[in-house]
Amino acid sequence: MKDTLGLIFFPAFDWMISPTHPERQERLLYTRDQLEEEGLFDCEEIKEYRPRLAQINDLQRAHIGVPAISRLITPAHLASAGGCLTAADAVMRGEVKRAFALVRPPGHHAMRVVHGIRGFCTINIEAIMVEYLRSKYQVRRIAVVDTDVHHGDGSQDVFYHDPDTLYISFHQDGRTLYPGTGFPEEAGSPGAWGTNINLPLLPGTGDEGLHRLYDGLISHILEDFQPELIINSAGQDNHFSDPLASMAVTAQGYARLADKLQADIAVLEGGYSIESALPYVNTGIILAMAGMDYSKVVEPDLSMLRVQDKRCNQRVDQLIEQVGELYFNRQKTRQQLLEKCGGVWQRRKGIYYDEEGIREQQLETVRYCSCGGYFTIQTAAEGTRFGDQSAFIACIPRYACAKCRQQAHDEALREKKSGRWQYVFVQNIVDGFIETI
Amino acid sequence: MRLSGYAVMTGSLFLSQAGIYCGGREYYIGHKMIRKYEGGADMLLGIDVGGTFTDAVIISKQEITAQAKVPTNHDDVLVSVLQALDRVLTDIDVSRLSRVVISSTIVTNALTEDRVEPVFLAVMTGPGMNVKGRFPVEPYYVSGYVDHRGKITAQIDWSRHRDLLQRKGSGSCAVSGKFAVREPQNEYQLKQELKKCGYQKIFLGSELSGELNFIRRTNSAYFAAAVYKVFDKFCQKVKLALAQRHIAVPVHILKADGGTLPLEAALNQPVEAVFTGPAASVLGIEALAAPELNSISLDVGGTTTDIAFWEQGLPLMAKKGALLKSYPTAVRSFHMRSIGIGGDSRITVTGDGYQVGPVREGPAAAVGGKTATLSDALIVAGYVNFGDEKKALQAVAAFGGEPKQEAEKIVQAAVKVITATISEMLAEWAKQPVYTVDDVIRGTEFVPQQLIGVGGGAQGLVAAVGKAMGLPVEIPAGAMVANAIGAALARPTLSAGLRADTTDGFYIIPESGKRQPLPRGFNMKKAETLLTQWLQQQAEKWQLPAQETELISSEHFRTIHGYYDTGDIYSLRMQLKPGILHKVHGREVEL
């Protein structure tokens with residue numbers, strides 16, 4: 001097996017959001033050309049896999065679609081999620097050492113409850129893969145490192161109450177970029193406090209700042225968390241040429257990061273400099289993950305690259321200190337927060353679906369128990385393709401005890417009787433079965 | 001004239017129905033009539049140089065008119081070609097020949113026996129994967145780069161290559177640049193300079209393949225340069241020998257993809273003439289029994305079995321180029337494998353059973369051999385019935401145990417290797433690039449519906465494989481000279497691509513090496529027309545028979561910059577329809 005990399009390349013040349021949208025057919029065209037021209041598919045270090053189609057149940061371990069997830073997706077989503085599952089299987093069966101699902105459509109802005117498309121995403125392909133890894137292979141502790149320039153607010157949402165998933169996202173500061181969230185204080189609900197790590201960077205941060213952050217903080221957190229698997233949400237829009245963001249990372253910067261991170265599975269996320277960045281960044285990541293020499297992967301034109309501003313490293317140093325403290329004191333803080341909230345924690349969220357102009361209001365409630373408890377979501381959305389819709393959802397986590405299961409069901413029945421909701425669902429995370437009450 | 005023509009037909013039909021054994025190794029049919037024949041040139045001559053025998057065959061109007069078999073002279077392949085040629089032409093008026101096709105092992109042997117020229121290889125890799133160790137020789141690295149859109153992002157910096165400019169060269173060399181199929185200017189410049197250094201024949205990666213894959217194109221160019229001298233010599237001798245025999249018709253060389261090329265054209269891509277034996281075998285099956293169902297063919301010889309896949313009467317082409325000396329190249333070939341199991345395979349006792357092949361033992365005991373071969377096991381196990389069954393039984397009994405049971409075990413050992421190889425081939429076929437949602441949903445699995453067995457050892461072995469795989473088996477009346485038939489009937493193949501990027505206003509047909517300004521109102525239809533025209537011009541240039549063209553693949557993408565349309569990218573590949581000229585209905589003639 002040595003250093004073999006399983007590569008699932010699915011450019012979805014027949015899927016787009018709209019003809020001039022960044023998520024259009026052309027997005028991975030130049031990457032395909034580069035990978036083919038390099039001859040990467042012939043290297044014995046690289047094993048190619050076909051993506052399979054994910055099942056609806058696979059999706060429903062991470063999502064509840066309103067009115068149903070099957071009515072919100074296209075077949076392309078099943079293929080890109082399926083590509084991630086193929087990657088997971090290849091690694092878990094020991095056929096390859098690592099895998100890279102170079103697939104679209106992307107997913108890290110898709111939250112647990114789905115009313116439509118937001119941030120180019122409908123379903124969260126990493127979250128689906130994480131839940132699959134747990135159900136199929138009994139993996140418990142998983143770290144997801146999100147290297148996309150945008151805050152992965154969808155991944156944060158799905159994993160927010162899950163202390164077994166360490167979600168680390170570095171991204172361009174939310175005050176300057178979509179989706180506007182991703183600050184260190186968003187560190188998880190009390191029971192999972194400190195496993196949601198947000199590292200907002202100043203615009204213009206380049207290879208230097210990025211690696212300073214990785215070496216100074218991310219590597220230490222990963223070492224401490226001791227995950228059984230590391231997953232990389234491999235967005236590539238921190239690249240200096242990306243048209244949607246303002247960072248200054250190069251293909252070398254990304255490749256070296258992939259080399260240090262040694263992710264078991266990487267999944268493509270964003271990256272919209274389809275001509276100047278993606279062909280080179282993807283080549284670099286593939287070579288690094290396959291244990292091959294990536295030192296010669298250099299963009300032909302580096303003249304657009306700006307020198308990193310001094311303030312970028314200052315922000316990095318500040319994050320290393322602040323977030324390091326937050327993470328390494330997390331157990332203590334968790335105790336305090338749990339005591340303070342007295343067994344029930346609630347938060348209100350307003351969610352905007354930029355792609356479709358949907359406005360959603362949520363009230364999330366977590367009820368704690370020694371098993372970890374369960375949580376409920378009340379959602380009301382305006383302007384979906386199905387009109388205005390509302391739902392009450394009880395989510396039963398994997399390790400919930402019989403009592404919590406019963407309570408979650410009882411609550412769902414009560415809400416049904418109240419007649420306040422168009423839909424009442426119970427989500428069984430372990431098998432992706434959604435009961436309509 | 002009419003009468004004599006009729007007589008030829010009758011003679012052939014006679015052969016095809018009854019089969020005439022004329023003693024020796026040749027068959028002469030109605031030769032006296034043929035001599036008097038004064039019609040136009042209607043005969044195709046095919047020669048196949050095999051590992052053991054060299055076959056020649058003459059085909060006229062869908063009938064095998066004459067065939068000959070001589071032992072192959074490994075020290076000088078040409079000797080065997082000419083011997084077979086002379087034998088098959090003994091009673092034929094050479095003016096009736098319309099074409100000669102040669103499938104020879106000359107290139108394959110030159111490579112396996114390392115009788116190749118040392119090659120100077122110059123590459124322009126630009127940024128990307130480190131290519132160290134990916135080529136058969138350590139290349140000379142030249143600056144200059146073309147990006148994926150075909151834009152020259154760096155010109156060659158000659159000040160860095162003074163040593164190259166002062167090089168004293170001779171013979172052939174190879175040049176290859178990344179993305180040269182999108183813009184070959186850097187390759188041309190380098191070629192120009194190398195010419196000045198004294199190299200006479202310079203192979204360019206972009207001329208050997210119009211498709212993406214820098215490593216494969218480079219290796220193709222390298223191997224083309226390496227075998228050029230040997231191949232050139234062979235071609236010159238063939239030409240001379242044919243001239244001496246007053247044969248003035250086009251002489252074609254069979255290629256690994258089952259197509260033919262005139263000698264002169266083949267000299268520009270000599271590496272394509274590798275692995276023609278298996279290709280000829282596939283074409284022979286096509287000529288004799290093109291299976292309509294999804295089929296797997298097994299050509300079982302004495303030493304090896306060639307396995308190929310069939311869909312709608314056509315053999316499937318490999319998705320990737322052939323491996324030469326374990327280096328990937330751009331040489332197109334059929335999706336097939338050769339394994340070292342045949343009727344004459346040696347049987348070895350192993351710890352937990354038997355191993356069949358890959359060494360050839362010699363003729364089966366049933367037909368006078370000394371020890372048991374796979375054929376003997378097949379006879380004893382009851383799969384086939386020929387030769388002296390008692391001798392086969394005795395030979396198998398030498399392994400101990402109950403002979404019938406042991407024979408079955410031996411057969412199953414062979415079947416296991418074959419079915420495992422077929423499984424690998426099926427998996428390999430299914431593993432095609434998946435670019436669209438449609439590809440994922442449709443799937444690309446090949447589902448075989450039957451097995452086709454040809455070749456001397458096919459009868460019993462293929463039946464055993466069919467039983468193991470639960471598939472029906474068909475054994476068509478094959479010919480002992482199927483390979484030569486395949487060579488005789490092979491059609492010229494020619495494929496080319498076109499890529500147009502309307503943003504920069506040019507289109508390129510990599511195979512032609514020319515970038516042309518786009519005509520007005522360019523679209524996919526116009527692209528097809530342009531490419532068809534170019535293919536037909538090429539066909540004319542090489543005096544190939546008029547053939548239809550077909551579209552292999554096409555892609556269309558709109559290009560967007562900052563939310564606004566900037567143009568379109570069209571890319572397509574077309575080819576002259578491949579296959580054989582026509583079928584033959586010959587029947588097996590027992591040797």
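Two residues are taken to be in contact if their C-beta atoms, placed from the backbone, lie within 7 Å. The structure is a predicted model, in which local features need pLDDT of at least 70 and side-chain atom pairs count only at pLDDT 80 or more, while totals for chains, interfaces and linings use all residues. Residues are numbered from 1 along each chain as its sequence is written, and chains are lettered from A in the order in which they are written.

Between the chains, 42 residues of chain A are in contact with 34 residues of chain B. On the chain A side, β1 (5–10), α1 (29–38), α3 (75–92) and α8 (278–289) each supply at least two residues; helices (H or I, at least four residues) and strands (E, at least two) are DSSP runs, numbered from the N terminus. With seven residues, α1(A) gives the most to this side. The chain A side comprises 23 nonpolar, five polar and 14 charged residues, where Ala, Val, Leu, Ile, Met, Phe, Trp, Tyr, Cys and Pro count as nonpolar, Asp, Glu, Lys and Arg as charged, and the others, Gly among them, as polar.

Chain B is divided into domain 1 (1–104), domain 2 (106–270), domain 3 (291–490) and domain 4 (495–576), with bounds from an automatic or database domain assignment. The C-alpha centres of domains 2 and 3 of chain B lie 36 Å apart. Their contact takes 19 residues from domain 2 of chain B and 15 residues from domain 3 of chain B. Helix α8 (residues 214–244) of chain B gives the most to the domain 2 side, with six residues.
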